[in-house]
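Please examine the sequence and the model together before reading on.

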Amino acid sequence: MPRLTGLRRALAIILGAQLLFWCAYALIIAGLQPVGTLEEYRLPAARALLASEPAEVGAYAAGLSGPAMLRIPGWQPVVLQPAQASLLSRAETSAGNEWSLTCWGNPCPEAATAYAGPFDRMDEAAGREKFQRFDMVWLVVVTELMMGAALLVLLPVNGFSRLQCVTGLLLISVGIDAWLTTFGAESLPYVWFLLLRYGVEYLMLTLAALAVNAFADWRSREAWAACGCFGVAFVILLGTMIAGVGFATIVPWLDAVALTLLSGYGVLALLRMGRTAPGPAIRVLAILLVALASIGFDLFLLPPPTGFALQASVLAPPLTMFGILFEIALQGHRLNQEAEEARSDLERQVLEQDASLLRSSRLLRHQERLIAIDAERQRLLRDMHDGVGGVLTHLLLDVRENRLTSREIEQGLQSSVDDLRNMASAIDAGNEPIDEALAMFQERMAGRLARSGITLDYRCTLPIPAPSLDARRLLSLYRLLQEGIANSLRHASATRIELAMNPGDDGAILVILSDDGTGFEPERASGAAGEGRGLANIRRRADQMGGRIAIESAPGRGTQLTLAIPTHAAARKA
């Protein structure tokens, strides 16, 4: 089935609202319509039936606004209350032949009609009028007050919606106005009651204008104009009361002006709203047309008094309120849908951002790996150039000039091979426990030293697991130890070399290399020509590792190198 759009959709909504209202009205009328009529018990025609009535006889007056005295010849006078039946008692004497109904305080309404007959019929008719005139009003009052209070209580849930706030106040004012109109005159018999009643009525119309303003996109100037109109109307009512003029002369004019202004403003607001939100505008127009149709039905087609149990315009306020509540519910549903769509869109954006960040993170890690690989490649090239490359270059130049013996050439080549092995071992053992790395170094150097008649002992007292060094610092440590061992071979004539590792202060590692050689005086060796390849290299290696080196030696007492290697903060600084 194709979806209705434009004018057809508007007509369908308007006709559907009319059909729904009149079907509900017909069902209510069918339920309230009495089974029979009271015409045969209407006074004075009912006097002939009273004399032969065997059951209890009662009297009832429809349409009363206050207490009234009913006199029927042959019966005791009885006081009748609005929408209430009273028992009749026979009188011993009959005073006159005319009956009368006299209201207290004010003249009886023109539509007031007296009935007399079986008490159960009179009580049933009175109960029906009581339901129509009072119980339904109480139902409307309680319903309006409860719905208005519920809307105000639920304001925080909907983010303090201006439309919901004004609608809640409007519902409360409708309930108060209904109570004042029906029960206020009896409950508040004061001079200023009429000022209160009509003031609440115009306040209700002002809130209706504010509700239209909030519904059609709130505009502050229009809201202040509506409040100003209420102020003017209240001042006119107050002036009328002070001047002693009856409200009946001024209220019809004020009602006409107020309803005209409200209707005109409602039409203009709907026209303005129709350009931006045609759907809500059509629904509000359908509700207003139903209300106008119900009022026209009561005024022109079936003017009072009628045989209908309920006027159609009585259902207009509840219908309007339920229509507004329905529209608020639709707007709340639409806002929830928009919020859900916004949340879904936000989740989609977050997922896209997460995916983008993940891709960026992967790319960054890849770049970091490439940079790390390149840095390691550059470091290896520098190490090879400064270490093996430098030794081989000097060795090549010395060979060309015939400045070296075969023994010196062998030592140079052996030093280059040892440096290559140190580099390979540092790469393999990088980030492994230092005790294992130095154990491998001791095994590699022990065989070479054994051929020279020197013993290399290794001892480690570090806790398990031992700390680790990165490949760069481990290579510097290998070279430092190799330089120290080479000095022992060349200058100390040592027979025994000991390599030990002990825990130091603040988590540092103490690497101790000692021999039993001839020893020397460190103060005199400082600055000597041979230090460039000996002690100076050792100090430079210690600085590269971020450590501290201590050299202890004396003639005839051997030499001890103590290197303190930091493993935490100092290592990061290095």
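Which residue in β6 is the bridge partner of V57? In this predicted model, the partner of V57 is P118 of β6. That pair belongs to a set of 6 bridges joining β1 to β6, and the two strands run antiparallel. The pairing is part of an open sheet of 3 strands, ordered β4-β1-β6, in which the pairing is antiparallel. Because β4 and β6 each have a single partner strand, they stand at the edges, and one side of each is left without a neighbour in the sheet. Helix α3, comprising residues 119–153, lies across β1, β4 and β6, and runs at about 25° to β1.

A search of the whole structure finds 2 aromatic pairs. One of them is formed by Y60 and Y115, whose rings are stacked, with 6.1 Å from centre to centre and 15° between the planes. Y60 lies in strand β1 (residues 57–62) and Y115 in strand β6 (residues 113–118), so this pair ties together parts that are 55 residues apart in sequence. Both Y60 and Y115 are buried. Another aromatic pair consists of F230 and F234: the ring centres are 6.2 Å apart and the planes meet at 35°, so the pair is tilted. The cut-off that decides this is that planes under 30 degrees apart count as stacked and those over 60 as edge-to-face. F230 and F234 both lie in helix α6 (residues 220–243), separated by 4 residues, about one turn of the helix. F230 counts as partly exposed because its relative accessibility is 23%, and F234, with a relative accessible area of 32%, is partly exposed as well. The cut-off behind these two assignments is that buried means under 20% and exposed over 50%.

Attention now turns to backbone geometry. Most residues other than glycine have a negative phi, and most peptide bonds are trans. A83 has a positive phi, near 55°, although this residue is not glycine. A83 is placed in the loop between β3 (78–80) and β4 (86–87). Because its relative accessibility is 7%, A83 counts as buried. A cis peptide bond, with omega of about 0°, joins I464 and P465. P465 is located in the loop between β7 (455–460) and α12 (471–492).

β8 and β9 form a hairpin with 5 residues between them, and D506 in the turn has a positive phi of about 55°. β9 also pairs with strand β11 (residues 559–565), again in the antiparallel sense, over 7 bridges. In that pairing, L561 of β11 is the bridge partner of L513. Strand β9 (residues 509–515) is mostly covered, since 6 of its 7 residues are buried.

Terms used:
Residues numbered from 1 in each chain as written. Predicted model: local features only at pLDDT ≥ 70, side-chain atom pairs only at ≥ 80, totals over all residues. Heavy atoms only, no water. Buried < 20%, exposed > 50% of the residue type's maximum accessible area, 1.4 Å probe, protein only. Pairing = 2+ DSSP bridges. Phe/Tyr/Trp six-rings, centres within 6.5 Å; stacked < 30°, edge-to-face > 60°. Contact = heavy atoms within 4.5 Å. Axes fitted to C-alpha atoms, helices over the stretch in contact; angles between N-to-C directions.
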